Amino acid sequence: MQSYNKFIHGSGHGWLIVQCISDGTMQMLNPFTNRSFDLPPVSTLPDIIDYQPDNHGNEYTLWDFHDIRSTVDRDKVHRFQVYKVIINSSPEHDIENFMAVVIFGPNQRLAFYKPGNMRWVEFPTRDKEFEDVICFQEKIYAINEEGQLYEFDTKTRAGLKGGIHETRSPSEIPVGPLEPKYLIGCANGSLLMLVRYTVRKSKEDETFKFDIYELKRNRKEWSTLDNLGNYILVIGFNSSEFMCLF
């Protein structure tokens, strides 16, 4: 979401995550208390090699789609470098355990920030093409474009620990960048994966549909969810919810 010189990259726990396009700074803003909290700027993301302002304009040197050094205009980097940002809690309530997570760069990799080091630090995986990430039950779960689930423990002294979850993606899942996937954590401990895809009857007749998969607590296989019962799904820009109607 964009507003003049600002991008809103996410929200959570009463905060908006906002990036300034002109200088690449990132902040959390609380619209109810009017308080702010600084996050590391775009220039500290792991794929940024160097930033050199010159007389002809400001440019970044970074790793591109093919992990080759490339020089890119500053404004373009600021507009397209950050895909999504989430937070695990409000920094006002628990600054020691606070964490922010970002999907970044042309290859959509993962990085995190914890107070004390004003930089984004890459996750313990070089995998890419992540489409969604959530904080759930003191862990971080991410899903890539192929539907592969990742799990990371946030309660380790060495930082994050984890990687590919033992659960494999459903064999029939639509795969590709045009079939985005979303994760939702449920109160009963289950994870839901929503897959959006397009049904084309003709060039003029296209319909978006969703498939829903459930991974129950302590299970190792996704199951298709055909009926939500008394629950509804709310799909948002930064997060989604699974809630009971009554």
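**Cores, sheets and ring pairs in a predicted model**

Phe 98 is buried, with a relative accessible area of 0%. Buried means under 20% relative accessible area, exposed over 50%, and partly exposed in between (1.4 Å probe, protein chains only). The structure is a predicted model, in which local features need pLDDT of at least 70 and side-chain atom pairs count only at pLDDT 80 or more, while totals for chains, interfaces and linings use all residues. Residues are numbered from 1 along each chain as its sequence is written, and side-chain values use heavy atoms, with hydrogens and water left out.

The protein chain has one helix and 22 strands. Helices (H or I, at least four residues) and strands (E, at least two) are DSSP runs, numbered from the N terminus. Of the 246 residues of the chain, 42% count as buried. The protein chain exposes about 13,800 Å². Carbon and sulfur atoms supply 48% of that area. Accessible areas come from the Shrake-Rupley method with a 1.4 Å probe; for residues, only the protein chains shown count as cover. Among contacts in the chain with a separation of 6 or more, 38% come from residues 24 or more positions apart. Contact means heavy atoms within 4.5 Å.

Phe 98 also belongs to the largest nonpolar core, which has 23 residues. A nonpolar core is a set of buried Ala, Val, Leu, Ile, Met, Phe, Trp, Tyr and Cys residues joined through side-chain atoms within 4.5 Å. The residues with the most contacts inside this core are Met 26, Met 28, Leu 39, Leu 45, Phe 98, Val 102 and Trp 120. At least two core residues come from each of strands E3 (15-20), E4 (26-30), E5 (35-39), E7 (57-63), E9 (82-87), E10 (100-104) and E11 (109-113). Leu 45 touches Gln 81, Val 82, Val 102, Phe 104 and Trp 120, not counting residues up to four places away in sequence. A second, separate core has 14 residues, including Ile 103, Val 133, Ile 140 and Leu 160.

Aromatic contacts were examined next. A pair of aromatic rings is described by the distance of the centres and the angle of the planes. Rings of Phe, Tyr and Trp (its six-membered ring) pair if their centres lie within 6.5 Å; planes under 30 degrees apart count as stacked, over 60 as edge-to-face and the rest as tilted. By this rule the count comes to seven aromatic pairs. Phe 37 and Phe 98 form an edge-to-face pair, 5.4 Å centre to centre with 75 degrees between the planes. This pair links distant parts of the chain, 61 residues apart: Phe 37 is in strand E5, and Phe 98 is in the loop between E9 and E10. Phe 37 counts as buried at 18% relative accessibility. Tyr 113 and Trp 120 are also paired edge-to-face, at 6.2 Å centre to centre and 65 degrees between the planes. Tyr 113 is buried at 4% relative accessibility, and Trp 120 is buried at 3%.

Two open sheets are described here. Two strands pair if DSSP finds at least two bridges between them. E11 and E12 pair in the antiparallel sense over two bridges. Ala 111 has Glu 122 in E12 as its bridge partner. Another open sheet of four strands has the order E17-E18-E19-E20, and its pairing is antiparallel. Its edge strands, E17 (181-185) and E20 (223-224), each pair on one side only. Strand E19 (residues 206-215) is joined to E20 by two bridges, and the two run antiparallel. Tyr 213 has Thr 224 in E20 as its bridge partner.

Several loop residues complete the picture. Pro 124 lies in the loop between E12 and strand E13 (130-136). Pro 124 is partly exposed, with a relative accessible area of 43%. Its C-alpha atom is separated by 7.1 Å from that of Gly 163, 39 residues apart along the chain. Pro 124 touches Phe 152, Leu 160 and Gly 162, not counting residues up to four places away in sequence. Gln 108, in the loop between E10 and E11, has a positive phi of about 50 degrees although it is not a glycine. Gln 108 is buried, at 18% relative accessible area.
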